[in-house]
Amino acid sequence: MSIFGFHYRMERKAIGLVIAIIVVASIGGLVEIAPLFTIHQTVESAPGMRLYTPLELAGRNIYIREGCYACHSQMIRTLRDEVDRYGPYSLAVESKYDHPMLWGSKRTGPDLARIGEKYSDQWHVAHLVNPRDVVPPSVMPAYDWLLSTELRADDLGLHLKAQRAVGVPYTDEMIANASLDAFGQSNPDSAQAKGVIERYGKATTVRAFDGRPSQLTEMDAMVAYLQILGRLTDAAHKPIADAGAKQ
Amino acid sequence: MQPFPTSPMVAQLTRNERQGAILIGLVVAICGILLGVAGRDDPIGIHGALIFAAGILTIFLIGKDYYAPEPSDERFASYYDDPTKAGIVLAMIWVVFGLAVGDWVAWQLVNPNLTFGGGWSSFGRIRPVHTTAVIFGFGGNGLIATSLYVLQRTSRARLPDQLSPWFVLLGYNLFCVLAVTGYPMGITQSKEYAETEWYADIWLVVVWVVYFLIYLRTLARRKEPHIYVANWYFMAFILVVAMLHIVNNLAVPVSIGHAKSYTLFSGVQDAMIQWWYGHNAVAFFLTAGFLGMMYYFLPVRAGRPIFSYRMSIISFWGITFLYMWAGSHHLHFTALPHWVQTLGMTFSLMLLVPSWASAGNALLTLNGAWAKVRDDATLRFMMVAAVFYGLTTFEGSFMAIRAVNALSHYTDWTVGHVHAGALGWVAMITFGSIYAVVPWVWKRKSMYSAGLVEAHFWLSIAGALVYVFAMWNSGIIQGLMWRTYSEDGTLTYSFVDSLIAMHPYYVARAIGGLLFLIGGCIGAYNIWMTIKLPNPISEATADQPEPKAIGASPQPAE
């Protein structure tokens with residue numbers, strides 16, 4: 001009774017209501033979100049994890065631009081059938097550098113968290129040009145124009161800089177060479193190719209992703225991104241105890 | 001003699017307000033130039049030009065009639081409903097557009113070649129056009145229009161001035177236009193239901209603060225001692241949406257000349273914040289705001305006081321507190337820590353109590369007015385909305401259970417659930433409220449055609465049911481096929497098998513959506529014809545079109 005009496009008085013004050021709403025609505029978020037930044041176990045450690053190269057980052061931005069996340073998840077759940085279908089379940093650390101994350105919420109198409117190097121570059125190019133050429137019942141849109149659209153690479157340094165501002169550890173050298181590295185990664189015979197390996201590690205894939213080393217297209221970036229998915233770190237392939245122990 | 005007649009909108013602004021509007025137009029135009037020049041090599045340049053055009057248009061429209069006579073003091077004797085009228089018209093334009101785009105993308109899943117080639121018309125870019133147009137275009141305009149109407153009646157106070165409601169309404173629509181023109185150009189930050197990029201997000205914050213100030217300033221001048229329940233919900237809607245919007249959209253733009261930005265948070269933290277936002281956009285945009293609508297228009301239309309004041313209190317604070325915990329049920333079995341998932345599930349289940357208290361409160365209010373529900377399609381829209389609200393919140397709590405979610409997540413079941421809420425609850429309560437308020441604000445005796453309201457009602461029901469049943473079927477089949485094992489321990493179905501099985505349901509869904517779209521078109525036509533009706537009812541009754549006893553009473557019976 002007194003609670004309703006209290007409310008009867010409070011609802012006469014606009015400011016009282018405003019403050020009460022803000023306080024009551026803040027609690028849930030504070031309890032659930034704030035600890036995610038402070039509890040160490042939230043994100044596993046993965047010492048050897050590498051960064052997205054400028055070309056892969058550009059591909060990721062195309063993936064976002066085209067809304068691929070609306071139909072493809074990048075989050076394998078801890079369920080037997082998902083592990084059997086897609087591979088080891090996803091760890092938090094694997095999307096540590098994903099600003100924003102692309103876990104997705106709908107699988108009109110299959111999960112892509114571990115699609116990297118499962119198919120050849122040629123398959124990806126053919127599939128993106130017309131999905132029905134390789135998967136006849138597919139309802140995915142065709143992305144043929146990626147092949148004829150030149151990738152905008154002159155501003156990739158700015159992109160890396162913004163990434164660094166939100167916490168991705170790109171070095172000054174990586175930022176300075178971002179545009180050249182994008183060319184180098186898609187042209188293995190070029191002078192710049194070596195620099196990509198130096199900066200991003202031996203495991204970096206340097207290939208003419210769209211099959212044409214002389215041209216840097218959006219298709220290069222897109223395929224380079226698809227081929228790195230699930231391969232920035234091998235933490236998910238190690239036994240759990242191992243991943244957790246190295247706090 | 002003037003070359004153009006004075007615009008009725010400008011005629012209502014005082015000289016000071018006209019100056020203010022020109023100043024706003026100037027600031028907007030300058031921001032547009034800055035973005036346009038800095039981003040001349042980027043899609044943001046086109047948006048810069050669009051923002052510039054909006055600012056210049058404002059200056060031109062105001063400047064043209066700048067010296068028109070100022071409004072007389074007689075205006076203070078009546079409520080200020082013109083922004084409400086404009087908001088209703090805009091809401092109906094957005095709903096027809098949004099539903100049409102939605103049905104188009106639905107057919108794209110039946111036949112992927114239904115694009116115009118090139119990137120702009122493909123599923124991934126058009127889907128957010130649909131979601132933004134219906135949620136923010138239709139829902140948002142409906143909320144702004146009705147909230148300004150309800151605020152004045154329940155406070156018995158006129159809006160504080162003439163300029164700020166127009167700024168909120170038109171500024172909000174500029175945001176919506178930036179959103180739906182941006183996605184086809186590839187401008188998106190990929191956060192579901194928060195796809196707009198940084199500059200549009202900042203603009204929305206400005207608009208939203210002014211919206212909140214209108215609320216506070218009107219309440220400060222109210223003649224009713226108590227603030228009516230509907231306004232609690234509208235205030236929670238405005239406040240919490242602001243909170244969610246700001247936190248979820250924190251980002252660093254690549255440069256002022258780039259539409260692209262990178263979100264401040266990453267990975268698991270970003271996922272949690274995104275769904276804290278996403279689920280509470282459902283809670284405070286698509287639920288609280290529309291409950292505010294329901295708490296006013298349903299009792300007024302039924303001619304009955306709200307069934308229980310105490311149930312209103314319990315459900316209001318229950319929703320405000322519990323919903324904010326529930327977002328993590330979108331992340332069951334993911335890399336989100338288990339304890340957060342468990343909290344999300346637990347609070348989602350508890351949410352059923354305030355949700356059903358609201359739905360029950362609405363339905364029990366209709367006790368004694370069921371004959372009206374039978375005869376009046378407008379009231380029936382609101383009744384069915386309350387029923388769908390009850391069903392959808394039950395389904396939502398059910399799907400938040402971890403074991404159920406293992407099956408339902410990533411499938412069309414989620415899509416069906418969302419549409420049960422969006423078509424059944426949000427759209428129906430809005431249509432009902434709009435059909436109630438249109439004759440009141442335009443001072444007509446009734447809608448142009450009661451028969452067309454009936455037709456709209458039945459098309460909406462049929463469309464929503466066909467849609468939801470199709471998605472239940474496809475979602476559950478999908479979920480089961482993905483987890484079916486053969487006796488030898490291997491997965492029975494490939495992903496493509498499940499895709500082929502979806503085809504008939506995708507056809508059915510698109511047909512359901514088409515029915516709903518036809519209903520929306522009929523509604524828009526009916527409202528337009530009502531506005532065009534020649535004979536306004538006399539001014540004497542016009543100011544108090546709604547039943548006075550209820551409209552003026554801030555408190556439900558208790």
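Contact here means heavy atoms within 4.5 Å. This is a predicted model: local features need pLDDT of at least 70, side-chain atom pairs count only at pLDDT 80 or more, and totals for chains, interfaces and linings use all residues. Residues are numbered from 1 along each chain as its sequence is written, chains are lettered from A and ligands numbered from 1 in the order in which they are written, and side-chain values use heavy atoms, with hydrogens and water left out.

Start with both chains. Select the contact: 85 residues come from chain A and 97 residues from chain B. Together the chains bury about 7800 Å² (accessible area, 1.4 Å probe, lost on being put together and summed over both). Carbon and sulfur atoms carry 67% of that area. Now pick A:E32, A:R77 and A:R85, which lose the most area in chain A to chain B, together 10% of what that side buries.

Next, the salt bridges (a side-chain nitrogen of Lys or Arg within 4 Å of a carboxyl oxygen of Asp or Glu). Three link chain A and chain B. Show A:K106 and B:D412: they form a salt bridge, with the closest N and O atoms 3.0 Å apart.

Finally, select helix 2 (residues 14–38) of chain A and helix 8 (residues 229–248) of chain B. Helices are DSSP runs (H or I, at least four residues), numbered from the N terminus. The two axes come within 10 Å and cross at roughly 50°, which makes helix 2 of chain A oblique to helix 8 of chain B.

Conventions: Axes fitted to C-alpha atoms, helices over the stretch in contact; angles between N-to-C directions. Helix = DSSP H or I, 4+ residues; strand = E, 2+ residues; numbered from the N terminus. Parallel < 35°, antiparallel > 145°, perpendicular 65-115°, else oblique. Buried area = accessible area lost by both parts, 1.4 Å probe.
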